[in-house]
Amino acid sequence: MSREGAVRRRALAALVPLTVVFLLSAGAVLGSDRSPTRLALRLSWAAPTAARPFGSGDAGIDVLAVVSHATLSALGLAAVVSVFGFVVGTPLGTSAALRGGAVERFTLRAADLVQAFPTFLLALAVLSAVKQPTRVHLAGLFALSSWAPFARLSLVQARAIAGAPFVEAARALGATETRVVFDHVLPNVLAPVAVQLGTAAAGVVLGETALGFVGLGPADGVSLGVLLEQGTAGMIRAPHVLVAGAAAVIAVSASLQTASEGLRRWATREG
Amino acid sequence: MRSGSSGRLAGVLGATRSAGGPLLSAFVVLLVLASLVFFSLRILPGDPSTLVLGDGAREADRVALRARLGLDRPLAVQYAHFVVGLATLDLGDSLTRPGVPAFREVRRALGPTAELAGVAVLLGAVLGVALALLAVGPWFGQRREWIHRLLIALAATPLVAFAPIVTFVLAVRLRLVPLPGDPDSGPSGLLFASGLLAIPLAAQVGRIGRAALLEQAKQKFLDVAAAKGATPLRVWVIHALPVASGPIFVVVATQLGALLGGAVVLERLFERPGLGSLMLNAYAARDLPVLEAAVVASGGLFVLAQGAASVVTALLDPRGLP
């Protein structure tokens with residue numbers, strides 16, 4: 001078997017956990033008429049049963065329904081935000097690297113600062129204008145900082161490539177600057193930068209969970225963070241809520257990390 | 001070659017000169033953050049007085065509140081007033097606790113959060129460096145690869161998921177540690193909460209520290225030290241660790257934002273007083289002066305800590321200075 005084939009197989013294998021998480025939650029959402037918001041006071045904090053495999057939470061919500069709907073919506077939010085960051089940040093970083101000088105230094109410093117800045121403070125600053133955030137507000141909030149890692153990575157990558165002999169050769173052969181950027185620099189920047197998508201998505205999922213946990217979650221309460229908060233409040237009576245919430249968060253974040261690690265190995269052709 | 005002391009002096013001068021950039025960017029960051037808080041409340045659709053008082057409030061109450069917060073004046077005047085208020089640390093009184101200045105509330109909340117975060121940084125750095133040393137040193141033989149895997153697994157485990165579980169097992173089921181929200185829990189409660197907060201930091205410090213130490217292991221001076229009869233402990237701790245400390249400081253600095261987020265989660269989990277609890281309560285009650293003061297103050301602390309870290313890094317390794 002060729003080495004290239006083995007590398008591709010391992011990269012595909014790294015996508016398996018994410019696919020399983022996605023299919024399981026999509027199956028639970030589409031395959032049943034469980035509602036994540038319907039209350040059944042009689043079942044408040046009830047332990048898992050055959051009808052409700054993950055048990056019931058506060059006011060008798062179906063924990064399985066919350067976990068599956070919240071996982072799907074977290075994955076959706078993460079996908080939208082990280083693709084947005086990729087689309088905005090990559091051209092930004094690449095052009096800053098090609099421009100060089102003060103523009104490059106400023107972009108790098110701004111990206112560093114935005115990346116390290118506490119999401120929580122940004123969230124309070126922006127969300128203070130609304131009564132209860134919706135998913136659109138949350139997406140806008142995460143989009144504010146999502147470009148930074150992509151810009152930083154593409155800047156470093158483009159700087160290395162801009163000085164490469166094949167780019168110099170293209171210039172010497174009379175290629176226009178636009179052609180150099182689109183035909184020679186960007187294609188070599190995209191693959192290593194796209195690897196960041198998985199890490200960025202995991203960051204969004206955890207950020208959304210943390211905000212939900214501290215009470216800045218979406219108004220309908222369908223969020224892994226809100227479920228964790230509920231599980232914490234009821235941990236003595238009904239530990240199953242906490243366990244289900246924590247397991248879901250860990251599964252989503254670990255599967256995204258595994259996928260991104262697989263992508264990285266594939267992009268760098270590392271076995 | 002410069003002598004040691006003048007080299008050190010040049011390092012200090014370079015570090016302060018390079019701190020000019022961070023200082024300027026710190027100022028810009030604070031202004032952007034403060035303006036964001038200010039304008040998101042006043043520009044976005046929705047009446048702040050309705051947000052504070054609720055939909056059912058009487059018009060007279062609303063008018064009174066708008067006058068008290070200055071919302072009836074032109075936006076430019078409000079903004080100028082706000083900036084002056086920030087500069088003089090006076091954003092008016094808390095709405096929920098009349099008569100108490102907003103910044104006094106912030107100062108009171110600062111102590112517990114500083115304790116929590118300070119102990120966590122200390123624990124995280126020490127634990128992380130220890131794990132990094134174990135992961136490169138000869139003490140575990142081939143099994144040191146397991147420490148590396150442990151570091152990766154810990155770095156990927158989200159605090160918001162494991163902190164409630166660990167608390168449930170250790171504090172509620174086994175009763176090995178007190179609940180840190182309990183006023184009687186004292187130092188051991190603080191230690192437990194800081195320990196939880198320190199774990200993600202330790203994982204990051206351990207990963208970066210391991211890479212930095214392995215980079216040093218390629219250098220000849222470690223072989224020289226070993227050939228002169230130094231024990232492995234001495235080689236790694238006395239000779240390799242100081243040279244590798246630059247990246248470790250940098251990683252601690254980049255983790256400060258995450259640390260603040262983690263502190264907020266833990267304060268909520270344990271119902272501990274602190275900056276996070278203050279901000280969340282102010283947000284829930286729409287106590288705008290306190291919210292503005294607390295957000296700007298925490299942003300300032302974050303930027304300050306980042307600047308301090310960059311000065312320390314520059315002192316440790318002046319080579320990168322312009």
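Student: How much of chain A counts as buried?
Tutor: Of its 271 residues, 46% count as buried, where buried is 20 or more other C-beta atoms within 10 Å of a residue's own, exposed is 12 or fewer, partly exposed is in between, and C-beta atoms are placed from the backbone. Bear in mind that this is a predicted model: local features need pLDDT of at least 70, side-chain atom pairs count only at pLDDT 80 or more, and totals for chains, interfaces and linings use all residues. Residues are numbered from 1 along each chain as its sequence is written, with chains lettered from A and ligands numbered from 1 in the order in which they are written.

Student: And what share of chain B is buried?
Tutor: In chain B, buried residues make up 37% of the 322 residues.

Student: How many helices and strands does chain A have?
Tutor: Chain A has eleven helices and zero strands; these are DSSP runs numbered from the N terminus, helices being H or I with at least four residues and strands E with at least two. The C-alpha trace of chain A spans about 80 × 55 × 30 Å along its principal axes.

Student: How many helices in chain B, then?
Tutor: Chain B has 14 helices, with zero strands.

Student: What share of the contacts in chain A is between residues 24 or more positions apart?
Tutor: Among contacts with a separation of 6 or more, 71% in chain A come from residues 24 or more positions apart. A contact here is two C-beta atoms, placed from the backbone, within 7 Å.

Student: Let's pick a residue. Where does A:Ala248 sit?
Tutor: A:Ala248 is in helix H11 of chain A, residues 239-267. It counts as buried because it has 25 C-beta neighbours inside 10 Å.

Student: Which residues does A:Ala248 touch?
Tutor: Setting aside neighbours within four places in sequence, A:Ala248 is in contact with A:Val67, A:Thr71 and A:Leu224. A:Ser68 is 180 residues from A:Ala248 in sequence, but their C-alpha atoms are 8.8 Å apart.

Student: Over to chain B. How do H5(B) and H12(B) pack?
Tutor: H5(B) (102-136) and H12(B) (256-270) pack at about 125°, their axes 10 Å apart. H5(B) and H12(B) are therefore oblique. Among the residues in the contact are B:Leu116 and B:Ala120 of H5(B), and B:Leu259 and B:Leu266 of H12(B). It splits into seven nonpolar, one polar and no charged.

Student: What else does B:Leu266 touch?
Tutor: Beyond neighbours within four places, B:Leu266 is in contact with B:Leu116, B:Ala163, B:Ala193, B:Leu196 and B:Leu197. B:Ala193, B:Leu196 and B:Leu197 are in H8(B), where they belong to the contact with H12(B). The axes of H8(B) (186-217) and H12(B) come within 10 Å and cross at roughly 150°.

Student: And which residues have the most contacts inside the largest nonpolar core?
Tutor: B:Leu266 is one of them, along with others including B:Leu259 and B:Met279, in a core of 153 residues. A nonpolar core is a set of buried Ala, Val, Leu, Ile, Met, Phe, Trp, Tyr and Cys residues joined through C-beta atoms within 7 Å.

Student: Last one: how many residues does each chain put into the contact between them?
Tutor: Chain B gives 39 residues and chain A gives 35. On the chain B side, H12(B) has the largest share, eight residues. That side divides into 28 nonpolar, ten polar and one charged.

Methods:
Axes fitted to C-alpha atoms, helices over the stretch in contact; angles between N-to-C directions. Parallel < 35°, antiparallel > 145°, perpendicular 65-115°, else oblique. Nonpolar A, V, L, I, M, F, W, Y, C, P; charged D, E, K, R; others polar.
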